[in-house]
Amino acid sequence: MPIDINFLREYKGGEPDTVRESQTKRGQDPKLVDEVIEIDDQWRSSTHTLDKLREGLGKVQAKIADKKKASKGQDKCEDELKEKNVFTLKIDETKLESEQLTTKRNNKLNLIANVVNDAVKVATDEVENLIVRTFNTDKPKLTCDGKTPGRYHHWQLMHALGMF
């Protein structure tokens, strides 16, 4: 499961340095964190631009409504309608750009794994790993008892596996 984008945003209390260090411990490239942060900044800028364009469109639409009320529908508001169309086209372009940046950011973010705990020993291969505990070292041999042809009840399996 990937980390949350807010963990990379310093202005929201995130710790990108911790994630970079974790990437290094995993043997992965820490530059991926910087790429995600850069794409996220572009996305935030695009979203801000989109909000400002929508605000401008709202003002133009209000201006059109006021003119039509004042002239009782006689004024065609051609200049304002052209301006409205320009805003609409820019909004569509910016929305598409924002969606593409979101997809790109999330795809890169999914490549960053959870942060490695400080208690985990950093090793290059399994030989250096510390064995904390083992499970099922003495695996029972399951044999058919003749009473049930090749099938066991759940309690028989649990008993054979040492769970009972």
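**Helix packing and buried positions in the predicted model**

C77 is found in the loop between α2 and α3; helices here are DSSP runs (H or I, at least four residues), numbered from the N terminus. The model is predicted, so local features need pLDDT of at least 70 and side-chain atom pairs count only at pLDDT 80 or more, while totals for chains, interfaces and linings use all residues. Residues are numbered from 1 along each chain as its sequence is written, and side-chain values use heavy atoms, with hydrogens and water left out.

C77 has a positive phi of about 55°. This residue is not a glycine. C77 counts as buried because its relative accessibility is 1%, where buried means under 20% relative accessible area, exposed means over 50%, and partly exposed falls in between (1.4 Å probe, protein chains only).

The relative accessible area of T94 is 9%, so T94 is buried. A polar atom of the T94 side chain lies 2.7 Å from the backbone oxygen of K90. With neighbours within four places in sequence set aside, T94 is in contact with S46, T49, L50 and L53; contact means heavy atoms within 4.5 Å. S98 also has its place in α3. S98 is buried, with a relative accessible area of 9%. Not counting residues up to four places away in sequence, S98 touches W43, S46 and T47.

R105 lies over the face of W43, at 4.6 Å from the ring centre. A charge sits over a ring if NZ of Lys or CZ of Arg is within 6 Å of the ring centre and within 35 degrees of the ring normal. The structure holds zero aromatic pairs; such a pair requires rings of Phe, Tyr or Trp (its six-membered ring) with centres within 6.5 Å, and is stacked with planes under 30 degrees apart, edge-to-face over 60 and tilted for the rest.

Helix α1 (residues 16-25) packs against helix α2 (residues 31-70), with axes that come within 8 Å and cross at roughly 145°. Axes are lines fitted to C-alpha atoms, for helices over the stretch in contact, and angles run from 0 to 180 degrees between N-to-C directions. On the α1 side, P16, V19, R20 and Q23 take part; in α2 they meet L32, V33, D34 and I37. The residues of this contact divide into five nonpolar, one polar and two charged. Ala, Val, Leu, Ile, Met, Phe, Trp, Tyr, Cys and Pro count as nonpolar, Asp, Glu, Lys and Arg as charged, and the others, Gly among them, as polar.

R20 has its place in helix α1. A polar contact of 2.7 Å joins the side chains of R20 and D34. A polar contact is a pair of N or O atoms within 3.5 Å; within protein, one must be able to donate a hydrogen and the other to accept it, and residues adjacent in sequence count only if both atoms are side-chain atoms. Leaving aside neighbours within four places in sequence, R20 is in contact with P30, V33, D34 and I37. R20 and E38 are 18 residues apart in sequence and 14 Å apart in space, C-alpha to C-alpha.

Other separations were computed between C-alpha atoms. D4 lies in the segment before α1 and is partly exposed, with a relative accessible area of 48%. D4 and R105 are 101 residues apart in sequence and 12 Å apart in space. N110 lies in the loop between α3 and α4 (154-160). N110 is partly exposed, at a relative accessible area of 48%. N110 and I5 are 105 residues apart along the chain, and their C-alpha atoms are separated by 10.0 Å. L157, in helix α4, is partly exposed at 33%. L157 and V115 are 42 residues apart in sequence and 38 Å apart in space.

Methods: Helix = DSSP H or I, 4+ residues; strand = E, 2+ residues; numbered from the N terminus.
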